Amino acid sequence: MVDTPAGGAWKGRLMLGLMLAPAVLWLFALIVLPHVDLALLSFRERLAPRQYGASLAQYRTFFGEPLYWHVFVRTAVMSAIATALTLLFAFPVAWTIAKLTRGRTSALLFVVCLIPFWVSETVRTLGWMILLRESGVLPQLLAHLGVTDVPVELLYHDATILVGLVYTSLLFMVVPLVNSFESLDNSLIEAAYDLGGNAGSILREIVIPHATPGITAGCIVVFMLTLGNYLTPNLLGGKNSQWFTEQIYTQFITRFNWEQGAAFGFLLLALSTAMVWVGLKASGQRFGDVMRRA
Amino acid sequence: MSAAAPEAAAPDLEVRSVVKRFTDHVAVDALSFSVRRGSFFSILGPSGCGKTTLLRMIAGFIQPDDGDIVIGGRSMSGVAPNRRPVNMVFQQLALFPMMSVGENVAFGLARRGVARAERLRRAEAMLERVSLSGAGHKRVDELSGGQRQRVAIARSLVLEPTLLLLDEPLGALDLKLREHMKIELKQLQAAFGTTFVYITHDQSEALVLSDHVAVMNRGRFEQVGTPQELYYAPATAFVAGFVGANNRIAGTVTAVDGPIAELVTGDGWSIRARCSRPLATGAAVEAFVRPEVAMLARVAGELPAGQTVHVGIVESLLFDGANSAVLLRERQSRFEFRIALPQTGRFADLKVAEQIFFSFDPERAVCFAAAGDHG
Amino acid sequence: MKIGRLLLLMLGLTLGGASQADDAKKLRIITWSDYVPAEVAAQFKAETGIQVELTLSNNEEMISKLRATGGAGFDLAQPSQDRIAGAQQEFRIYKPIDLGKVKLEQFVPELIDIVKKNASIDGKLYALPYVWGAEGLVVNSKKAKIADYGDLCKPEFKGKTAVRLKRPTLMAFALASGKDPFALYGDIKGYTALMEEVGRTLSTCKANFRFFYDNKDQLLNGVRSGEIVAAMMWDSGAWRLNRENPDIRFINPKSGAIAWMDTYVLPARGKNDAAAYAWINFTMRPDIAAKIAKAVGNFSASKGAEQLMEPRLKEQFKESFPDGFRNVKWYPAIPAGLEEIEGRILDRIKAAN
């Protein structure tokens, strides 16, 4: 018996369905359902022990309490700054890997970028703490060299948080940038140079337009990672970190206030979605194209 | 430099003893030449002969180790590519995909600080001259291969360079378009009057397009001359072998009669050829006979009197319209020899294994001392 | 909702590293660090064949994890006595203690009275005492002189002190202001006003805190390195530092140390109650309790353990509490809802500049 074409197509679809099933189930069970659950949680309020009612109280609390607002905006702004700094640092690194070196040197540079990820984020961050604390290596060195009179505390500043975030995010920016730069034909740069371009105009007119999808992809990934980071701002920022994820953790774990935590979680999700949307619009990119480059 | 008054035919490009060494070899070996203003100059050579290195030194992407390059009377040593009065058409054209056609053409003008309105006007005028008027707003990938070629040239010529360098720009095109673009390039050069320096490994491109051709091999020029000179009077065995199709016959001189020498191949076939230098009996030589120089005849008496008559067996027929040829083997030595079929169609009925007579004028067969490894 | 719970349960299991196997020979305990010395667990295994599986945690995390799973995942937990009744009323995460299975005669009776008062609901007892101690001040006497909680805010200690950003700190500073927060537990309005006042005090004082510590080691290292000269701390940690460096002392503040007591509770869906009771009776045996007290550095709720206590610890106690336990306050049970008020205040302190 020979399969009819229609039968073949049907089988093909069934196979495709079966192959996709685990991924779809996974997405549904681990992403969609918990979010639905959290959404429901965020729209209720505790009335009495074990008694809850539908309410917008959690969102009202957020908008009514300047403290939460402040932390929210601060997290967004700091994340944006961290993303911009990461781009600034990753750009020359990626350029070196993609264009100025080849073979072993290029691979070696890539590994150097990867090394921080061989240890867990906790260890990495604790490493920074050992370096930067008042009795740590760097302040002692600075005092020893006479840069500062006494060892100064380098931890618990906004700049420290940014250093940690940039360090943690660098690889996620370097990879899409390297991909972008590698696909840039060297003769385009030579042609632009030949036609009278200089470093600035070539960067502006050729390199950046070509790398825009990669830059956008890197920025989106880094921004999301930074916004959702908990450990680095918490440990390096100490008492002044004021990261929004800490608020969520605190509400869930320390305050047992799941409703407030869920509302905060949704607000953070909305923020990250909005920022990604703005980023895509500003760079004139489409999400699908960008994610293929990431 | 002294302020010598520029002559009318002052060269646009002068290359003076330029040397470029790479770690394992010398890419350009003390090369000197000059290119006359307004001419179309080609550098022809096999891949790896150093022609690309030479071109990139003229463009400024590579610094020569020694010697000087003078363009429009000005030494280029220490002048960056973006400051040279030279523009280049790249092998893959290197049009900017992130820009429209018009922006591509206006790119160089923008770098020179030409105001936006003015550069758009000039870009459009340039596009019109290369028969692409109205294409300014199009994306680069909407153009055909030939149109892109013209944009690449327009993008350079709009800057009115002293010299336009072209790095095998036809290499990526298919055969038919390549033939067409050859003619177009020649017409463009004639119309603009800009000096073109063109590098290629395709001898047909070089011969069709150029006023002068330099044949390059191992970092040196073997010969510089008009296409006709190269074809009919090759100066070296390399040129004879590289330019145009040729029968190459290696042998030993057995007799010398003024410029004409008689030589015999290892398999004992004896021919006569004109040697470039007087050679002694016993010298190892290479002779070249162009396929169209030899004549065919079914009867030996029909061949021109005074020419040695050879006998060949037809091995195969190579039909290619006007370029058709017959491949035969000399009867005794089994030496393979190619002869162009006359356009008259007289020998269209030749059969494989048929026996046929042929001869050639020794004055038009050239011979050189065999290329040893000393050259 | 159920799926969400399930996922949080999975998260809890991952974080806690608890085993999925409900072996009758396995006892899963969620507790504080140092509370179960390896030596004691080994002896328990030798005597009963039951393997102890440990998850280290703190009050909030214990409650949160049990809340996420509805009281499953562990067979025994050890929250503080004041955190039991409120959490039980709100989340139903514990089950009552069956006193018939416990050798009550092993416990110090006064401590049983405290849990009866603070951790009973509807006449059912939900907790038994385990260890107790007091939270006061640790001070490096070479580098600072302090007498009360409020002294941490003296200008000369800028950037050199530390507290936890948690409720005990609020209580301590409330006491230091001369008011009794525990008396206001039933008066939401009064309590809120007091907390707001404490919040302002601590916000003003923030520059003095090098960090808000959230684990013991962070504070221990800070004090050891000299970066911290004075801090709020519980007795055992301070006494440990005192053994390393006699200059570092634990003092009973003028407004009073706050006594805490950690307990045994049975999670609502614990699977091995028999093992849990066996463990409770085993660890209250004077010889075992003394070993635990030595490891923790605090006092055991076991009646017979005191005689076996390390002399050094007794000395340290005498030095820190010359008047005995007269100036020590016990935490009453926290009514549900209070922690939300405190939470808002803690957030404000955190955000203050």
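Two residues are in contact if their C-beta atoms, placed from the backbone, lie within 7 Å. By that rule, 15 residues of chain A touch 17 residues of chain B. The model is predicted: local features need pLDDT of at least 70 and side-chain atom pairs count only at pLDDT 80 or more, while totals for chains, interfaces and linings use all residues. Residues are numbered from 1 along each chain as its sequence is written, and chains are lettered from A, with ligands numbered from 1, in the order in which they are written.

On the side of chain A that touches chain B, the elements giving two or more residues are helix 8 (186-194) and helix 9 (199-227) of chain A. Helices (H or I, at least four residues) and strands (E, at least two) are DSSP runs, numbered from the N terminus. Helix 8 of chain A gives the most, with six residues. The residues on this side of chain A divide into six nonpolar, six polar and three charged. Here Ala, Val, Leu, Ile, Met, Phe, Trp, Tyr, Cys and Pro count as nonpolar, Asp, Glu, Lys and Arg as charged, and the others, Gly among them, as polar.

Chain B holds an open sheet of six strands in the order 6-7-8-3-9-10, with mixed pairing. Two strands pair if DSSP finds at least two bridges between them. Strands of a sheet pair through backbone hydrogen bonds, either parallel or antiparallel. Strand 6 (86-89) and strand 10 (220-225) of chain B are at the edges with a single partner strand each, so one side of each has no neighbour in the sheet. On average, neighbouring strands of this sheet are turned by 20° against each other, direction ignored. Axes are lines fitted to C-alpha atoms, for helices over the stretch in contact, and angles run from 0 to 180 degrees between N-to-C directions.

Within this sheet, strand 3 (residues 40-44) and strand 8 (residues 195-200) of chain B run parallel and are joined by five bridges. S42(B) stands opposite Y198(B) in strand 8 of chain B. Helix 4 (residues 145-157) of chain B lies across strand 6 and strand 7 (163-167) of chain B, at about 170° to strand 6 of chain B.

In chain C, five of the six residues of strand 1 (residues 26-31) are buried, so this strand is largely enclosed by the rest of the structure. A residue is buried if 20 or more other C-beta atoms lie within 10 Å of its own. Six bridges join strand 1 of chain C to the parallel strand 2 (residues 51-56) of chain C.

Methods
A residue is buried if 20 or more other C-beta atoms lie within 10 Å of its own, exposed if 12 or fewer, and partly exposed in between; C-beta atoms are placed from the backbone.
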